[in-house]
Amino acid sequence: MAGFRSLARQVRDPGCDVALRRYSLRKCLERFAPYGHRATWDHLCGRHGFGPEDRDLDPARLVAALDEVEEARAVWLAYERRFAERRRREKHLGLRTPGPLDDWHRRTWGGNGVARCVDPSTHPDLPLGEALRRLIAALEAGPGGCCPVCGGDRFVWRWDGRDEACGPVCGDCGVLVPAPVLSPEALAAARRRAARTVRELAAVG
């Protein structure tokens with residue numbers, strides 16, 4: 001199975017037809033897609049001016065989209081290296097029990113869905129790399145009351161039975177925010193909003 005870098009070379013290869021280059025970009029997102037595959041693709045289409053189903057498009061737009069993905073991937077891989085080094089130091093000191101942030105990070109190793117958007121059509125307007133820089137800054141700073149990506153403070157707790165889609169969703173940018181970066185007050189407010197929505201729907205039904 002081709003890896004990210006091999007697929008990226010195909011996207012840039014002028015000897016490949018445009019359909020294959022587009023397909024290779026989509027396959028890159030199976031290896032690294034910060035918002036999740038569908039939401040990241042929707043984001044790239046909007047930012048780089050091609051339609052989700054376009055087959056005959058300007059190759060320069062595909063390369064520009066790939067540049068954005070690669071830059072974001074470099075940001076995330078640098079964070080993962082720092083994370084791994086920190087865990088090695090902690091284990092050397094006898095701190096072997098992972099914390100909540102470590103548990104979240106274990107489920108997102110590789111960067112796929114680290115800033116998951118549960119609605120593929122709702123995602124931040126920022127370049128992917130900037131969104132990840134903001135998320136990483138929050139991961140390293142500790143809990144707060146706002147979305148680390150857009151600064152919004154409206155969260156709703158989402159639960160659909162799958163671990164990767166469970167947690168506080170930002171009501172402004174649509175990111176499923178890692179619970180460890182939010183304060184207990186923000187998490188409690190998100191759960192209250194979700195419970196209130198359930199009660200309102202039950203009353204209507």
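This is a predicted model: local features need pLDDT of at least 70, side-chain atom pairs count only at pLDDT 80 or more; totals for chains, interfaces and linings use all residues.
**Exercise 1. Overall layout**

Determine how many helices and strands the protein chain has, and in which pattern they follow one another.

*Solution.* 
Step 1. A count of the elements gives seven helices and two strands.
Step 2. Along the sequence, these elements are arranged as α-α-α-α-α-α-β-β-α.
Step 3. For the extent of the protein chain, its C-alpha atoms fill a box of roughly 55 × 55 × 30 Å along the principal axes.
Step 4. Of the 205 residues in the protein chain, 42% are buried.
Step 5. Contacts between residues at least 6 apart in sequence are then considered: 63% of them join residues at least 24 apart.

**Exercise 2. The packing of α2 and α3**

Classify the arrangement of α2 and α3, and identify the residues that meet.

*Solution.* 
Step 1. Helix α2 covers residues 18-31, and its axis comes within 9 Å of that of α3.
Step 2. The two axes cross at roughly 135°.
Step 3. An angle over 145 degrees would count as roughly antiparallel, and one of 65 to 115 as roughly perpendicular; α2 and α3 are therefore oblique to each other.
Step 4. The handedness of this crossing is right-handed.
Step 5. On the α2 side the contact involves Arg22, Leu25, Arg26, Leu29 and Glu30, and on the α3 side His37, Thr40, Trp41 and Leu44.
Step 6. Sorted by class, the contact of α2 with α3 comprises four nonpolar, two polar and three charged residues.

**Exercise 3. The packing of α3 and α4**

Carry out the corresponding analysis for α3 and α4.

*Solution.* 
Step 1. Helix α3 spans residues 37-48 and helix α4 spans residues 59-92.
Step 2. Their axes lie 10 Å apart, at an angle of about 125°.
Step 3. Because of this angle, α3 is oblique to α4.
Step 4. The crossing of α3 and α4 is right-handed.
Step 5. From α3, the contact draws on His43, Leu44, Arg47 and His48; from α4, on Arg61, Ala64, Ala65, Glu68 and Val69.
Step 6. The classes in the contact of α3 with α4 are four nonpolar, two polar and three charged residues.

**Exercise 4. Helix α6**

Compare the reach of α6 with its expected value, and state which of its residues are buried.

*Solution.* 
Step 1. Helix α6, residues 128-141, contains 14 residues.
Step 2. From first to last C-alpha, α6 reaches 20 Å, close to the 20 Å expected at 1.5 Å a residue.
Step 3. The buried residues of α6 are Leu128, Gly129, Ala131, Leu132, Leu135, Ile136, Ala138 and Leu139.
Step 4. An α-helix has 3.6 residues a turn, so residues three or four places apart point the same way.
Step 5. After α6 comes Gly142, with a positive phi near 110°.

Technical notes:
Residues are numbered from 1 along each chain as its sequence is written. Side-chain values use heavy atoms; hydrogens and water are left out. Axes are lines fitted to C-alpha atoms, for helices over the stretch in contact, and angles run from 0 to 180 degrees between N-to-C directions. Helices (H or I, at least four residues) and strands (E, at least two) are DSSP runs, numbered from the N terminus. Angles under 35 degrees count as roughly parallel, over 145 as roughly antiparallel, 65 to 115 as roughly perpendicular and the rest as oblique. A crossing is left-handed if the near helix is turned anticlockwise from the far one by less than a right angle, and right-handed if clockwise. Contact means heavy atoms within 4.5 Å. Ala, Val, Leu, Ile, Met, Phe, Trp, Tyr, Cys and Pro count as nonpolar, Asp, Glu, Lys and Arg as charged, and the others, Gly among them, as polar. The expected span of a helix is 1.5 Å times one less than its number of residues. Buried means under 20% relative accessible area, exposed over 50%, partly exposed in between (1.4 Å probe, protein chains only).
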